[in-house]
Structure formats: structure tokens, C-alpha cells
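Work through the exercises below with the coordinates open. Each task is followed by a stepwise solution.

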Amino acid sequence: MHFTSEQRLDDTVVEREFTLGEIPGILWTPASASPSAPVPLILLGHPGGVRRMYPRLAGRARHSAACGFATVTIELPGSGDRPRSAAAEQARADLRQAIQAGQRPAEETVERLILPLVEVAVPEWQATLDAVLSLPEIGGPVGYSGGVLAVGIRLTATEPRIVAAGFFAGSYVPRVMVDEARRITVPLHVLLQWDDEGNDRQLALDLFDAFGSKEKTLHANMGGHTGVPQSAGEDAARFFERHLR
């Protein structure tokens, strides 16, 4: 992990940009974090494009820092300045064409777009986790929050260091991943926007039913993808405060 810049946000949060091999990312830590007072960590997922998402990511990071948590995010494969995949671009175009035509995207299209992303992104998240937990001011436990749902499912199902997860059911998930959802047993907080135009509502409900966690909560709100109420973020924050302390 190579840090490329550092700045303070409101004197309460230290923001450091880094690269991990060819992967760019940002790490936020409470200014009070130190080797003598290491803090828990939340992995901040997002749909791609760190620069575009920065205001929302930084807002989430500030809120987490106020709760005493460090947060980290990385750029997804094929997003931002990372090399594009011709196959992924074609699958994305096919998906958009179906949506614009008022059709449900074919399962084959969703698989072509999402499964290769999951195969690359999850090991990158695990490498990032290795690097961040090697820092003396960050000691765990670890949570996962938001992002592409399929990536979150695979990562949470296979990464034993994640002890709690908050999922946003706002992206397409191949139905073949329902079985992977059954392997998740950590506490879950799932947010569903009922009228999200980019979400298969029934699949989201099927996934929630499939999750193997004994403690799982589904928060459903009326409205589309961008209509998430402020209370939803507050509920998620309380969830992590309970499980990362």
C-alpha cells in the first residue's frame, strides 16, 4: 500500500489516498486513531467511479469517523481510470438497451456483466483488507457497507474477518448467487428502495429470505434509487455501532 496524499477534513478525519498495485483507493481514519487506540474498520462499497462518488463516500466516512470507525474504499475494476473490459462494456450496453425498451434484462446479460466483476473485485477487496489491517491504528473488527450487492454477497460469504454487513439492494444480482447468500451468517442490515428502477425487487426479497443470518433486518422505503431517506443512513450507523464495538 503506497500513500500518495494526506489531508485533514475538519480536523477530525484524516483522509489518505493510496494505490495498492494498480488499484486506487481512499482511507479515512478518525484523527484520534493511534497504535494505542486502534479503531474498527468499515469497507465502503460503491457502484464504481470513486471521483464521481466522492462527495457521498466522504460523507459516509465522516459519519463513520464520528462513531469511531475507519473506512476505506477502492475503485472497482473497469471504473474510474482503470482499464475497461470490452466484454463488460458490451454487457452494460445490452442491459441499458433492455431497460430503455422497458424490458427486464436477460439473466444471461446480468451474468455477463456481474460475475466477471465479482471474480476480480472480491480478491482486490481482500488484498485491501490485508493492507489496511496491517496499519497499527486500525485493529478491527470489520464491517462491509453498500456497494454492488453481488460483490458484497461474495465478499461477506467468503471473508471471515467481516463480522457485520449492510447491503443496499439497488443493483442487479445473478440468480445463481442466491446459493451464495445462504452461506452468509453474520448480522445483516439490508436497505431496499421499493421503486428502484435498477433493482429486481422480487430477487431482492428472495435474497433476503436466502441469507443464512439469524440476525437480519430489511428496511424498505418507498421511492427510487436516489430517494433514500436520511433516517436510513442513521439506522445503518446504529447497526454498525452495535456490531463493531
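**Exercise 1.** Characterise the salt bridge between Arg-154 and Glu-180.

Solution. Step 1: the closest N and O atoms of Arg-154 and Glu-180 are 2.6 Å apart, which meets the criterion for a salt bridge (a side-chain nitrogen of Lys or Arg within 4 Å of a carboxyl oxygen of Asp or Glu). Step 2: Arg-154 lies in helix H4 (residues 149-158) and Glu-180 in helix H5 (residues 178-181), so the pair ties together parts 26 residues apart in sequence. Helices here are DSSP runs (H or I, at least four residues), strands likewise (E, at least two), numbered from the N terminus. Step 3: Arg-154 is buried at 15% relative accessibility, and Glu-180 is buried at 13%. The classes are buried under 20% relative accessible area, exposed over 50% and partly exposed in between (1.4 Å probe, protein chains only).

The model is predicted: local features need pLDDT of at least 70, side-chain atom pairs count only at pLDDT 80 or more, and totals for chains, interfaces and linings use all residues. Residues are numbered from 1 along each chain as its sequence is written, and side-chain values use heavy atoms, with hydrogens and water left out.

**Exercise 2.** Is Glu-17 buried or partly exposed, and which residue does Glu-17 pair with in a salt bridge?

Solution. Step 1: Glu-17 is partly exposed, at 21% relative accessibility. Step 2: the partner is Arg-51, with the closest N and O atoms 2.9 Å apart. Step 3: Glu-17 sits in strand S2 (residues 13-20) and Arg-51 in helix H1 (residues 50-66), 34 residues apart. Step 4: Arg-51 is exposed, at 55%.
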